[in-house]
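Subject: Structure for your review

Dear colleague,

Please find below the structure that I am handing over to you. My notes on it follow directly after it.

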Amino acid sequence: MKIIIKAATIIDAASPFNNKKIDLLIEEGIISNIAENIENDSNIKELTLENLHISSGWFDSSVSFGEPGYEDRETISNGLMVAAKSGFTAVALQPNSTPSIDNQSQVLFVKNKSNAAATDLYPIGALTKASEGKDLAELFDMKNAGAIAFGDYNKSIGNSLLFKIALQYAQDFDGLIIAFCEDKNLKGVGIANEGIISTQLGMKGIPNLAEEVDLAKNLFILEYTGGKLHIPTISTAKSVELIREAKAKGLKVTCSVAVHHLTLTDETLQAFDTRYKVTPPLREDSDRKALIEAVIDGTIDMITSDHNPIDIEHKKMEFDLAMNGTIGLESAYSALQTVLPTEVIVKKLTAGKAIFGIESTKIEKGAKANFTFFTPMGTATFTNHDILSKSKNSAFLGFETQGQVYGILNNSQLILK
């Protein structure tokens, strides 16, 4: 494949062409030339898009696709196409399928399913067998098969001894442990953030403390054992402080935040719409602002869509009974553009590669063409027409967005929305 990308503004802090408008010649998946203007003497295909911006391909550290077991919610092939059209050249797949990704054969199954895709798929292995929190899964075997980290999706590790052993064991092969933080007893039967809104609506609350106590415990254990720990989707101001203090101590801890926790609050629950029922729950505006500040100052390492398709039968029901989760790939960039500068968004959507041990690419001559195409300009309202996933449980329907994704170029495949 040969293609000339015309008049593209580069957003890549590691590139000498950062913030410059240039042309790129791509041949057989490699950047063969970069210049202010590349003459097309051989009738090569050209890509020209309005106000085109290019960055190194984006990485989403938490997506769920359902397959195997929940193909009615999403399949791997369609999920990867959704990711590509949403600007992501790589995603980390959560193990919450049936059967769970808790052994070598399951890791190989999902990897083989993604072989021909433009978007690269990296499995996260379950930390415990069937994600039940009782016995450690086959971590080393899964690592050898291609798993990039180990965690039980949206399930806290209640057994502290098991968590301690996991951190110690994973150090033997430089494994990354993921620990979702939510104290089950403090959560109780809560379904929404504990605060004024939940009280007014008569909803059982989940206090910020549920996240913060579990996080503090896990950080204490990390300090004792050493190792590498990733905390996904933090949602409170106090969690930010705890992570900041742990990093100041030199602990090897990283964290992410979900797009919806940067852009939405528990005020959205007024209509009892289950699209806004997520894990962790949407918090108050003071927490949202603290999370944004932590993204900008570097305390929060990466942003994730936390894409979680739920079938209509488990979402269109009473708020108490509905499953938690929202799809988020399609709306991730344009929602973030309403609260963060473009350069920060790109940095936080690419930083996760290094943390998860995935090779990063620079925009320079001779490098692999691994690009996301987008524009920060223009406004729109996110509607059902914008949803590409099989499931439609988006918390962003009706949300006023800014900018748009055009697509990606990766694995010698050009995918445009």
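Ser198 sits in helix 6, which spans residues 196-201; helices (H or I, at least four residues) and strands (E, at least two) are DSSP runs, numbered from the N terminus. This is a predicted model, in which local features need pLDDT of at least 70 and side-chain atom pairs count only at pLDDT 80 or more, while totals for chains, interfaces and linings use all residues. Residues are numbered from 1 along each chain as its sequence is written, and side-chain values use heavy atoms, with hydrogens and water left out.

With a relative accessible area of 4%, Ser198 is buried; buried means under 20% relative accessible area, exposed over 50%, and partly exposed in between (1.4 Å probe, protein chains only). Leaving aside neighbours within four places in sequence, Ser198 is in contact (heavy atoms within 4.5 Å) with Asn193, Met203 and Gly205. A polar atom of the Ser198 side chain lies 3.0 Å from the backbone oxygen of Asn193. Ser198 and Asp266 are 68 residues apart in sequence, and their C-alpha atoms are 8.2 Å apart in space.

Two residues in the loop between strand 15 and helix 11

Asp311 is in the loop between strand 15 (302-304) and helix 11 (332-336), and its relative accessibility of 7% makes it buried. The side chain of Asp311 makes a polar contact of 2.7 Å with the side chain of His314. A polar contact here is a pair of N or O atoms within 3.5 Å; within protein, one must be able to donate a hydrogen and the other to accept it, and residues adjacent in sequence count only if both atoms are side-chain atoms. With neighbours within four places in sequence set aside, Asp311 is in contact with Asp72, Arg73 and Ser391.

Ser331 is placed in the loop between strand 15 and helix 11. Ser331 counts as buried because its relative accessibility is 1%. Beyond its neighbours within four places in sequence, Ser331 is in contact with Phe382 and Phe396.

Helix 1

Helix 1 covers residues 76-85, and its buried residues are Ile76, Gly79, Leu80, Val82, Ala83 and Ala84. Against which elements do the buried residues of helix 1 pack? They pack against strand 7 (88-93), helix 2 (104-113), strand 8 (120-125), strand 17 (400-410) and strand 18 (413-416). Helix 1 is followed by Gly87, which has a positive phi, near 100 degrees.

Strand 4

Glu46 belongs to strand 4 (residues 45-47) and is partly exposed, at 38% relative accessibility. The side chains of Glu46 and Asn40 are joined by a polar contact of 3.0 Å. Apart from neighbours within four places in sequence, the contacts of Glu46 are with Ile4, Lys6 and Asn40.

Backbone geometry

Most residues other than glycine have a negative phi, and most peptide bonds are trans. The peptide bond from Glu67 to Pro68 is cis, with omega near 0 degrees; Pro68 lies in the loop between strand 6 (58-63) and helix 1. The bond from Thr98 to Pro99 is also cis, with omega near 5 degrees, and Pro99 is in the loop between strand 7 and helix 2.

Asn51 is not a glycine, yet its phi is positive, at about 50 degrees. Asn51 is found in the loop between strand 4 and strand 5 (53-56), where it is partly exposed with a relative accessible area of 33%. Asn411, likewise not a glycine, has a positive phi of about 55 degrees. The loop between strand 17 and strand 18 holds Asn411, which is partly exposed at 29%.

The protein as a whole

The secondary structure comprises 13 helices and 18 strands. The C-alpha atoms fill a box of roughly 70 × 50 × 45 Å along the principal axes. Of the 417 residues, 59% count as buried. Among contacts between residues at least 6 apart in sequence, 75% join residues at least 24 apart.

Yours sincerely
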